[in-house]
Amino acid sequence: MKTIKFCVFLGVILLQACATTPPTLYQELGGEKKVVEIVDNFIAEIEFDETLFEYFKDSNVNRFREKLIEHVCMLTDGPCEYTGDSMVDVHTGMNITESDFNRGVDLFINAMTKAGVPHATQNKVLAVMAPTRKEIIYL
Ligand code: HEM
């Protein structure tokens, strides 16, 4: 009887924990599948954008894809370790202008919209990406 009571007690505690733990932004997005879809859409957007493609023309697209998937996963509190270079190291020497940075953000928004990410979730993703701006422009 004691064991049954203990199990019921434990079950209630676990249910409460599940009910009260808010999902991470990564989970809200839809996890790995959705992050991969967004990054693939983003790469397609860059390929069709003359201005931004200029920056990427000598880049290794497979590496960029892999590292950006990890980076978005990390920023949204997903279960990933980012193994790429620091934002400052990667973007130093590119002298990315503010307007080109904003263009990149617009293309990322298009990529999320095409992946069916709701606007409220998009805004949360943009909010966690925003602080990286100062590590990317005019370097
Ligand atoms: C919030 C905005 C941005 C984020 C989070 C971001 C993130 C990243 C990441 C994770 C990588 C791969 C790092 C690695 O290879 O170790 C990368 C590479 C790169 N990024 Fe960004 N980036 C952003 C904005 C931009 C913008 C606006 C441009 C250009 C206009 C740009 C140009 C590049 C290029 C060309 C590479 C490839 C570098 C290479 O081939 O070595 N990034 N970025």
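A: Let's start with the space itself: the largest pocket holds about 840 Å³. A pocket here is an open set of points on a 1 Å grid over the protein atoms alone, with protein on both sides within 12 Å along at least five of seven lines, and its lining residues have an atom within 4 Å of a point. The volume is the space filled by probe spheres set on the points, which are joined across faces, edges and corners. This is a predicted model: local features need pLDDT of at least 70, side-chain atom pairs count only at pLDDT 80 or more, and totals for chains, interfaces and linings use all residues. Residues are numbered from 1 along each chain as its sequence is written, and side-chain values use heavy atoms, with hydrogens and water left out.

The lining has 31 residues, and F56, F64, L68, H91 and I136 lie nearest the pocket's centre. By class, 20 are nonpolar, six polar and five charged (Ala, Val, Leu, Ile, Met, Phe, Trp, Tyr, Cys and Pro count as nonpolar, Asp, Glu, Lys and Arg as charged, and the others, Gly among them, as polar). Helix α5 supplies the largest share of this lining, six residues (helices are DSSP runs of H or I with at least four residues, numbered from the N terminus).

The ligand sits in this pocket, meaning that more than half of its atoms lie within 2 Å of the grid points. Around the ligand are 21 residues, the closest being F56, S59, R63, D85 and H91; a residue counts if one of its heavy atoms lies within 4 Å. Again α5 gives the most, with five residues.

Some of these neighbours make polar contacts, pairs of N or O atoms within 3.5 Å. An oxygen atom of the ligand is 2.6 Å from an N or O atom in the side chain of R63, and an oxygen atom is 2.9 Å from a polar backbone atom of D85.

Finally, look at H91 in helix α6. Its NE2 is the single protein donor to the ligand's iron atom, 2.1 Å away; donors are N, O and S atoms within 2.8 Å of the metal (3.2 Å for Na, K and Ca), and water is not among the atoms, so sites may look incomplete.

Conventions. A polar contact is a pair of N or O atoms within 3.5 Å; within protein, one must be able to donate a hydrogen and the other to accept it, and residues adjacent in sequence count only if both atoms are side-chain atoms. On a 1 Å grid over the protein atoms alone, a cavity is a set of points where a 1.4 Å probe fits but cannot get out, and a pocket is an open set with protein on both sides within 12 Å along at least five of seven lines; lining residues have an atom within 4 Å of a point. Helices (H or I, at least four residues) and strands (E, at least two) are DSSP runs, numbered from the N terminus.
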